[in-house]
Amino acid sequence: LRTFSDLNTMLETQFLFLAPAYHLILEGILILWIVRLLFSKTYKLQERSDLTEKEKEELIEEWQPEPLVPPVSKEHPALNYNIVSGPPNHKIVVNGKECINFASFNFLGLLANERVKNAALTSLRKYGVGTCGPRGFYGTFDVHLELEDRLAKFMRTEEAIIYSYGFATIASAIPAYSKRGDLVFVDESACFAIQKGLQASRSNLKYFKHNDMADLERLLKEQEAEDQKNPRKARVTRRFIIVEGLYMNTGNICPLPELLKLKYKYKVRIFLEESLSFGVLGEHGQGVTEHFGINIDDIDLISANMENSLASVGGFCCGRSFVIDHQRLSGQGYCFSASLPPMLASAAIEALNIMEENPDIFSVLREKCQRIHNMLQGISGMKVVGESFSPAFHLQLEKSTGSRESDVKLLQAIIDYCTDRQIALTQARYLDKDEKFLPPPSIRVVVSVEQTEEELDKAAALIKEAAQHNLH
Amino acid sequence: VADVMLSFTTFFFLHFRMQVGVAHSEVNPNTRVMNSRGIWLAYMILVGLLHVVLLSIPVLSVSVVWTLTNVIHNLVMYLFLHTVKGTPFETPDQGKARLLTHWEQMDYGVQFTSSRKFLTISPIVLYLLTSFYTKYDPVHFIINTASLLSVLIPKLPQFHGVRIFGINNFYPV
C-alpha cells in the first residue's frame, strides 16, 4: 500500500503529463492567443472600412464638389437690406425715413428710457465695459448677484441665473439637464433657440402638434407602453416637456393648466421658455404662470430673454435652487462665456425697478395689443395669427400664392407700402433650411406701450390698405 | 506578511499621491486611468494580496484557493470592466459614456492598446497558473474556464458595444 501511495505522489509531482488532452489544447490556444495579441497593431474601430481600394477610388471619382458660394438671386433678402440709423426706439429711421416702430421687441418701451440709460451710464463709469471673464472665473460683479437676486424675487422663485446672451439661455439650459438617451416632448412651433438646445442635448425628441394636448397625451401614452416593456431603461430615462409661454413663431399661448395635469399624470418635467411672455403677461408681468394663476413652483424651469421687455441684453433662468444651481457648473453658456457687462446688468435692474413701480404698464400693453388686434380682423386675404393679448403676432396670407418665394415677395410689398407711409414692419425671418418645421411666411407686428392709440389705428388702417392694394 | 503589506501601502501612497490633484485635460478620465503610472503593478499586487489572504484560510486546499482567486478576480473584473457603465466624473460628453462599459471607454475605444493587451493577458496567465495548481482537475477546469470566458469574450473587438442576449442592455443610473 505504501508503495502505491508513493507512486501516486510521484505521479502527482509530474501531473503535467497526466493533464487531459482537451486541457492542454485549450492552454495551447490561449498561449497562441497571447502571442498573437502581443503582435496585434492598435486600431480605431471606426477607422476600419470594408471598402476595397478600388471602391474608394470610385467613390472619390463620383464625388461632385459644390461651389463654396452657391448662386444667389439678386432679390435674396440678405442682399436687399434696410439701413437703420439711430436706436430702434418708438421712432425708427429706416433708409433715412422716420417711421413708427412696429418691428422691435421693445414691448415696455424701456429701450429709450432715461432712467435705464442713466443707470447704465453710472455703472459704466464705475465698472468699465467688459468683465473679461466668465462668471466662475473673476467675471462676477456685485450687480450680477443683485440682478439674480432681483429676478428671483420678481418671479417669486428661489434662485435665478443670468446668461450673457438671450439666445444661449434656453439653448444652454436644455442640454444641462437632458442628455443622450433622455426624452424630450416638444411643441412643433418651438423657437429656434429651443431647437438648437435640443440639438446640443442629443436627446431623443418627440414633437407634438402645436398646442395640441391630445397629441401630446398620445405620445406620452405611447411612451408609457414602451416603458412597461423595458422598465429598467425607463427608470433611468429623464423626460421633459418643453413649451413656450407665448410662442415666438405663432403668437399663441401654451395651455399651461392642461400641461400641468399631464406633467403630474405622466411624471414629466416642464421647461417653460418665457422670452415673449415675461414682462408682458400677468398682473405684475411675471409671465404665463401669473396669467393662469399657477404656482410657479409647479414649473421645473423657466427661462426668459432679457432682450425683449427688459430692453437689456442676456437672459435668465429661474426656479428652485436645487435645479438652478446645477447650471452654474453645467450651463455651457454660463460657464464658458464672458459674463454680462455690468452696465447691462444695471440697466436690467433699473428696468425691473420701473416694472415694479408701474404695474399698470402691463394692462396698458394688453389694451393696446387688443386694440390693434381687433382692428386687424377681417382683412380679406389675410389672417391674424396669435392671441389678442400677445404683443407680437403674425399676419399670414389666407391662401398661399403657390410658392413660398412669391408669398414672401407679396408680404414684402405690403411691408414696403407701409414703410413708405411711416409704419415700420418686418417679416418674421427664419433660417429656412435649419428650421425643423418651417412656419409659413408672415408679417410680424410688434406692439409697444409707447405707441399711441392714433398710431395703432393708423398702422392697422395702413396694413388694411396695403393688403387691399397688393392682394386684389 | 505585515511587512509586505506595509511596503505595499507605502507604494500605493507614493504612487497615488502623485496623481491626486494633477491637472489633466481628459473629457472623461476613465479613458486614461488604466494608463496611469503604477496601476498595472498595483493591480498585480492586489491579485497577489487576494491570493495570500485566501491562502491564509486554514480549511481551504491549495486547489480551491487558486480556483477562488481566479473566480473572484474574474468576477471583479467582469463587474468593473464589463458591467458598470458610465463614469463617476461629470463629463461634458452629453452622456456618451453613460452607454459604455469601462472597457469600451478605455483609450477612447482604440483596440489592442497596451492597457487592453495587459488586461486581456492577465486573466489568461492567472488561468494557466490556476490550471497548473488545480492539477488539471475536470471540475476546477469547468469552473475556471467558464469564469475566464466571461472576461475574455467581452474584450474581443467584435463585441465592442454588443450586448449579446440583451445582457446588461439597459441604461445605467
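Which residue of β8(A) does Val186(A) stand opposite? The first legend below gives the answer, and the model throughout is a predicted one.

**View 1. Strand β8(A) and its two partner strands.**
Val186(A) stands opposite Ile242(A) in β8(A). Strand β8 of chain A spans residues 239-244. Strand β6 of chain A, residues 183-187, runs parallel to β8(A) and is joined to it by four bridges. β9(A) also runs parallel to β8(A), and five bridges join these two strands. One of the residue pairs between them is Glu244(A) with its bridge partner in β9(A), Glu273(A).

**View 2. The two faces of strand β8(A).**
Six of the six residues of β8(A) are buried, and the strand is described as mostly covered. On one side lie Arg239(A), Ile241(A) and Val243(A), all buried.

Ser275(A) is found in the loop between β9 (269-273) and α11 (288-292) of chain A. Is Ser275(A) buried or exposed? With a relative accessible area of 7%, Ser275(A) is buried. Leaving aside residues up to four places away in sequence, Ser275(A) touches Ser303(A), Ala304(A), Asn305(A) and Asn308(A).

**View 3. An open sheet of four strands in chain A.**
The strands of this open sheet are ordered β2-β3-β4-β14, and their pairing is mixed. β2 (84-85) and β14 (423-424) stand at the edges; each has a single partner strand, so one side of each is left without a neighbour in the sheet. Strand β3 (residues 91-94) and strand β4 (residues 97-101) of chain A pair in the antiparallel sense, over four bridges. In this pairing Val93(A) stands opposite Glu98(A) in β4(A).

**View 4. Thr426(A) and the residues it touches.**
Thr426(A) lies in strand β15 of chain A, residues 426-427. Apart from residues up to four places away in sequence, Thr426(A) touches Ala103(A), Ile415(A), Ile443(A) and Arg444(A). Gly181(A) is 245 residues from Thr426(A) along the chain, and the C-alpha atoms of the two are separated by 40 Å.

**View 5. The contact between chain A and chain B.**
Chain A brings 36 residues to the contact and chain B brings 35 residues. About 3,400 Å² is buried between the two chains, and carbon and sulfur atoms give 69% of that area. Across the interface there are 12 residue pairs in polar contact. On the side of chain A that touches chain B, α2 (21-39), β1 (43-44), α7 (192-201) and α9 (231-235) each supply at least two residues. α2(A) gives the most, with 10 residues. By class, this side of chain A has 17 nonpolar, eight polar and 11 charged residues.

How many salt bridges are counted between chain A and chain B? The count is one. Asp182(A) forms it with Arg98(B), and the closest N and O atoms are 3.4 Å apart.

**View 6. Chain B as a whole.**
Chain B holds six helices and one strand. Along the sequence these follow the pattern α-α-α-α-β-α-α. Of the 173 residues in chain B, 44% are buried. Among contacts in chain B with a separation of 6 or more, 66% come from residues 24 or more positions apart.

**View 7. Two residues with positive phi.**
Cys132(A) has a positive phi of about 60 degrees although it is not a glycine. Cys132(A) lies in the loop between α4 (114-127) and α5 (142-155) of chain A, and is exposed, with a relative accessible area of 78%. Gln94(B), also a residue other than glycine, has a positive phi near 55 degrees. Gln94(B) lies in the loop between α3 (62-83) and α4 (102-105) of chain B, and at 8% relative accessibility counts as buried.

Note on methods: Residues are numbered from 1 along each chain as its sequence is written. Chains are lettered from A and ligands numbered from 1 in the order in which they are written. This is a predicted model: local features need pLDDT of at least 70, side-chain atom pairs count only at pLDDT 80 or more; totals for chains, interfaces and linings use all residues. Side-chain values use heavy atoms; hydrogens and water are left out. Contact means heavy atoms within 4.5 Å. Buried area is the accessible area (1.4 Å probe) that two parts lose on being put together, summed over both. A salt bridge is a side-chain nitrogen of Lys or Arg within 4 Å of a carboxyl oxygen of Asp or Glu. A polar contact is a pair of N or O atoms within 3.5 Å; within protein, one must be able to donate a hydrogen and the other to accept it, and residues adjacent in sequence count only if both atoms are side-chain atoms. Ala, Val, Leu, Ile, Met, Phe, Trp, Tyr, Cys and Pro count as nonpolar, Asp, Glu, Lys and Arg as charged, and the others, Gly among them, as polar. Buried means under 20% relative accessible area, exposed over 50%, partly exposed in between (1.4 Å probe, protein chains only). Two strands pair if DSSP finds at least two bridges between them.
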